[in-house]
Amino acid sequence: MSHAYMPTSPCGDGCLTEADPVVAFPRRVLRVTAAVLVVFSAMLTAPLLLVSWGREYRLRLIFRSVLRAFGVRLDIRGGGDFLTAAAGRGALVVNNHISWLDIVAINALRPMRALAKKEIAGWPVLGGLVRRGGSIFLDRERLTTLPATMASLADALRTGSLVSVTPEGTTWCGLASGRFTTATFQAAIDGGVPVRPIALRYRLSDGRETSRPAFIGPESLIASLRRVAALRGLVLEVHICPEIAPGRAENRRELAALAEAAVHSALGTVKIPAQQRRRSAAPRVPLASPPAK
């Protein structure tokens, strides 16, 4: 950790669920190979992505194909207005952060730009797609770059872009989660755009929740890819919450709390909000009794 404000999570190998069903080794190899081929094909046809006509459909197809290659089934709940909205209306799209699969799933719903840590640009399989999607990269180790990055984010929102952000700042196992930080919500306020919370949950086809897709601790992306490729019957629940309109919150702290509460409400989990210290009211002075007659 390079500074005291670097987001961290206590999640690690001990958080991973056990006895989850797996597929045979040859099928795991086929899944990873299929995913690589999807990304390679997308890069070969990258010039087509510069053509506006059908661009969103082609991008959505690419990201859905990555999910299909890994055997992941999407279970989308709600958000019909979001899925069918016309392009050109900016919004800050925020979600709880569990896995590298999160950004794939969000773009499988609607392709959008992302605020991503700069390390993602160099990832295998996904890095190229994220770069070509117009991501805004954040250097988490250099706090001095944060104001300029947030200004770029506000400009993107103001000009009509959907931008995906993970306000927890790092991944959690899904069985536990972190607080939403507030900086990116200021960009939504400055850009005058709504916030669209999305809640994610990973489970198996029999309904049991699983934390094995989580990308946690010091593990490498390759290790996480292998674990996801091994799972049988992985389902990603995507709860698209109602948008939070501009002006509904007085400040970025309140806006972050509203978005966080929406995610936990959709998942049926409980998060006790942080209590703000209030000044104690001055003691009431009793009125003098009227003189006896």
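Helix H8 is mostly covered, with seven of its 10 residues buried; buried denotes under 20% relative accessible area, exposed over 50%, and partly exposed the range in between, for a 1.4 Å probe and protein chains only. Helices (H or I, at least four residues) and strands (E, at least two) are DSSP runs numbered from the N terminus. The model is predicted: local features require pLDDT of at least 70, side-chain atom pairs count only at pLDDT 80 or more, and totals for chains, interfaces and linings use all residues. Residues are numbered from 1 along each chain as its sequence is written, and side-chain values use heavy atoms, with hydrogens and water left out.

The buried positions of H8 are Leu221, Ser224, Leu225, Arg227, Val228, Ala229 and Ala230. These buried residues pack against H1, H4 and S7, where contact means heavy atoms within 4.5 Å. Leucine 221 lies in H8 and counts as buried because its relative accessibility is 8%.

Helix H4 (residues 101-109) has eight of its nine residues buried, so it is largely enclosed by the rest of the structure. The buried residues in H4 are Leu101, Asp102, Val104, Ala105, Ile106, Asn107, Ala108 and Leu109.

The largest nonpolar core has 43 residues, and Phe70, Trp100, Leu101 and Ile198 have the most contacts inside it. A nonpolar core is here a set of buried Ala, Val, Leu, Ile, Met, Phe, Trp, Tyr and Cys residues joined through side-chain atoms within 4.5 Å. At least two residues of this core are supplied by each of H1, helix H2 (55-69), strand S2 (91-95), H4, strand S6 (195-204), helix H8 (221-230) and strand S7 (234-240). H4 contributes six residues, the largest share of this core. A second, separate core comprises 26 residues, including Leu92, Ala154, Ala256 and Val263. Isoleucine 198 touches Phe82, Val93, Val94, Asn95, Asn96, Ile106, Leu109, Val238, His239, Ile240 and Val263, with residues up to four places away in sequence not counted.

Two helix pairs were examined. The axes of H1 and H2 come within 8 Å and cross at roughly 165°; axes are lines fitted to C-alpha atoms, for helices over the stretch in contact, and angles run from 0 to 180 degrees between N-to-C directions. H1 is therefore roughly antiparallel to H2, given that angles under 35 degrees count as roughly parallel, over 145 as roughly antiparallel, 65 to 115 as roughly perpendicular and the rest as oblique. The contact residues comprise eight nonpolar, one polar and one charged; Ala, Val, Leu, Ile, Met, Phe, Trp, Tyr, Cys and Pro count as nonpolar, Asp, Glu, Lys and Arg as charged, and the others, Gly among them, as polar.

For helix H7 (residues 183-191) and helix H9 (residues 252-267), the axes come within 8 Å and cross at roughly 105°. H7 and H9 are therefore roughly perpendicular to each other. Ala183, Phe185, Gln186, Ala188 and Ile189 of H7 make the contact with Arg252, Leu255, Ala256 and Ala259 of H9. The residues of this contact divide into seven nonpolar, one polar and one charged.

Glycine 191 also belongs to H7 and, at 13% relative accessibility, counts as buried. Glycine 191 touches Ala154 and Arg158, leaving aside residues up to four places away in sequence. From glycine 191 to aspartate 155 the C-alpha separation is 6.7 Å, with the two 36 residues apart in sequence.

Alanine 19, in the segment before helix H1 (25-44), has a positive phi of about 60° although it is not a glycine. Most residues other than glycine have a negative phi. Alanine 19 counts as exposed, at 71% relative accessibility.

Overall, the protein contains nine helices and seven strands. Of its 293 residues, 46% are buried. Among contacts with a separation of 6 or more, 78% are between residues 24 or more positions apart.
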